[in-house]
Amino acid sequence: MILALLACVPPDGWTTGPGVGEGPALELSEPPGCASPSSREQAAWDRVVLGEVPPLDEADLEGAGMVVADLDGDGTNDLLLPGPGGGLWLGRPEQAPEEVRGALDGLDLSHAVGASTADVDGDGDLDVLVTRWDRPVVLLANDGGGRFVDVTARAGLVTPALRYTTSAWGDLDGDGDLDLFLGTYGTRPGDEWRFDDPGLPASDDPAVLLENLGDGTFVDISGRLPEDVHASYTFQAGWYDVRGDGFPELFVWNDFGTAHPSLVLDNEGGELSFTPGVSGIDRGFEDMGVGVADLDHDGVPDFATTSYRKLGLLVSAGDRWVESAASRSLAPTFEQVYGWGAAFADLELDGDDDLVVGYGFWSAYPTDDDPRWQRDAVYLQRTDGSFGDAATELDAYEPYVTRGVVLADIDDDGYPDLAKRFLDAEPVVHLSRCGEGSWLRVGLRQPGANPFAVGARVTAVGGQARWIEAGSSSQFVGGPPEAHLGLGGAGTVDIEVRWPDGEISLVREVPTRRRVLIRR
């Protein structure tokens with residue numbers, strides 16, 4: 001719970017960017033402390049199973065959805081599973097929390113693929129968007145207590161029945177509300193096509209772009225997307241303002257990248273365009289899940305992308321991104337074939353970014369070298385910037401078909417926890433044991449139709465950066481709209497916030513090991 005409000009007099013050293021006015025207010029929680037820091041030496045995580053969730057069997061791209069966010073407004077992250085047999089788990093899973101299946105009663109969430117959270121109606125709570133396979137998407141409005149109503153039709157989100165894979169929220173046109181991109185996969189190419197054939201035909205499911213009119217309703221503006229986007233077999237997409245001008249670029253991550261490569265759409269005042277061969281992201285790669293971090297501390301997002309029998313690591317270099325997986329020793333083993341969800345976090349709170357990747361069989365493309373159970377990876381970053389897979393030592397993988405992964409602090413002890421969704425088993429949460437590391441969980445609030453400041457960048461000055469996201473990373477899942485920063489042993493840190501419109505605030509000497517809420 002947030003306890004201390006410093007709203008009347010900004011702390012010493014507070015500075016703001018142009019146009020911010022008197023500056024934001026800072027709210028600090030009490031530090032939670034750690035009852036047994038030494039227990040982390042015996043085991044990094046404790047494994048908790050969310051019981052009585054039926055397996056999803058051989059669903060192609062269906063059923064892997066999961067949301068981790070504070071859905072009932074009590075300050076603690078909850079878990080929502082939108083697919084068959086799903087429900088809402090309020091509170092900490094290790095304390096046998098209340099399970100609220102009734103929260104989804106009467107809602108048609110059949111063939112659910114994934115979900116994302118955003119405050120669509122600007123009322124201060126998180127709503128849920130569910131993507132579905134060959135079915136329209138569903139928008140669920142939150143009543144503030146974790147109960148949901150289907151408002152899809154009322155919001156003008158009546159979409160055609162397409163094979164939706166991803167939903168990503170961002171302020172396309174800089175008007176202060178959140179617009180929505182929906183990525184689609186289309187019909188799987190026939191067996192006569194190789195995955196790397198440059199002549200592979202275009203997808204038969206066009207992408208969807210919806211403009212928020214500012215009153216909780218949307219209008220379809222998909223015609224403003226370049227044809228390259230509509231032709232793509234999209235797995236993941238995200239909005240990131242790489243110029244700092246308040247107009248986020250749209251990143252579209254695609255399968256079959258030889259014929260239909262991933263794209264970065266430039267955003268000039270709300271108009272999207274694409275220039276081939278410029279970004280370095282539009283290469284012959286089969287991109288699937290996406291982890292996002294600022295590995296080189298230059299303020300520009302870097303991306304880890306999962307694929308078939310390989311991993312990508314795109315690190316910013318000037319005005320483009322450069323493939324760096326080999327130089328960072330980042331590669332799957334022979335038993336890790338299909339990589340799905342991916343997420344960065346500082347698992348050890350030592351100030352660098354680690355990466356978790358979920359691996360699993362894909363029934364649509366069965367081959368002799370694609371084992372049903374594939375070992376998930378926990379790639380810890382070493383001091384030289386390379387990565388090593390420590391999943392075995394950490395006991396952080398299961399013999400199941402993994403799809404969705406989320407890294408977030410679920411038990412409120414400051415250390416990132418790992419939630420996983422499987423096709424053939426009940427979901428699992430690895431609750432990280434606490435230690436003596438320093439951290440901050442930073443949430444933002446601002447007036448207007450984007451109260452959680454989705455699209456903002458939060459930086460520990462001289463260290464890690466995180467983006468406030470709504471469906472823009474990992475795969476099939478939605479995480480909380482907050483920035484979790486690992487800070488080594490620091491007692492205080494300066495925090496820079498670049499708000500969604502590009503304005504900047506700097507908060508100096510913020511005490512660590514606590515939750516922080518910065519109100520604009």
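**Cavities, a sheet and a disulfide**

Reply: Happy to! This is a predicted model, and about 480 Å³ of space lies in its largest cavity.

Me: What makes that space a cavity and not a pocket?

Reply: A 1.4 Å probe fits inside a cavity but cannot get out, whereas a pocket is open.

Me: Which residues line the largest cavity, and which lie nearest its centre?

Reply: A lining residue has an atom within 4 Å of a cavity point. For the largest cavity, 26 residues form the lining, and Phe344, Leu407, Glu469, Ser473 and Pro480 lie nearest its centre. Elements that give two or more residues to this lining include β25 (339-345) and β29 (402-408).

Me: How do the lining residues of the largest cavity divide into nonpolar, polar and charged?

Reply: There are 14 nonpolar, 8 polar and 4 charged residues. Phe and Pro count as nonpolar and Glu as charged.

Me: Let's turn to strands. How do you know that β25 and β26 are paired?

Reply: Two strands pair if there are at least two bridges between them. Strands β25 and β26 (residues 354-359) have 5 bridges, in the antiparallel sense, so they meet that definition. Within this pair, Phe344 stands opposite Leu355 in β26.

Me: What is the strand order in the open sheet, and why are β25 and β28 edge strands?

Reply: The order of the 4 strands is β25-β26-β27-β28, with antiparallel pairing. Both β25 and β28 (387-389) have a single partner strand, so one side of each has no neighbour in the sheet. From one strand to the next, the twist averages 20°.

Me: Why is the link between Cys34 and Cys434 called a disulfide?

Reply: The cut-off is a pair of cysteine sulfur atoms within 2.5 Å. The sulfur atoms of Cys34 and Cys434 are 2.0 Å apart, so the pair qualifies as a disulfide. A search of the whole structure finds 1 disulfide.

Me: Why is this disulfide right-handed, and what does the pair tie together?

Reply: The torsion about the S-S bond of Cys34 and Cys434 is about 80°, so the disulfide is right-handed. Cys34 lies in the loop between β3 (25-29) and β4 (45-49), and Cys434 in the loop between β31 (428-432) and β32 (439-445), so the pair ties together parts 400 residues apart in sequence.

Me: Is Cys434 buried or exposed?

Reply: Buried means under 20% relative accessible area. Cys434 has 13%, so Cys434 is buried.

Definitions and conventions:
Residues are numbered from 1 along each chain as its sequence is written. This is a predicted model: local features need pLDDT of at least 70, side-chain atom pairs count only at pLDDT 80 or more; totals for chains, interfaces and linings use all residues. Side-chain values use heavy atoms; hydrogens and water are left out. On a 1 Å grid over the protein atoms alone, a cavity is a set of points where a 1.4 Å probe fits but cannot get out, and a pocket is an open set with protein on both sides within 12 Å along at least five of seven lines; lining residues have an atom within 4 Å of a point. Grid points are joined across faces, edges and corners, and a volume is the space filled by probe spheres set on the points. Axes are lines fitted to C-alpha atoms, for helices over the stretch in contact, and angles run from 0 to 180 degrees between N-to-C directions. Buried means under 20% relative accessible area, exposed over 50%, partly exposed in between (1.4 Å probe, protein chains only).
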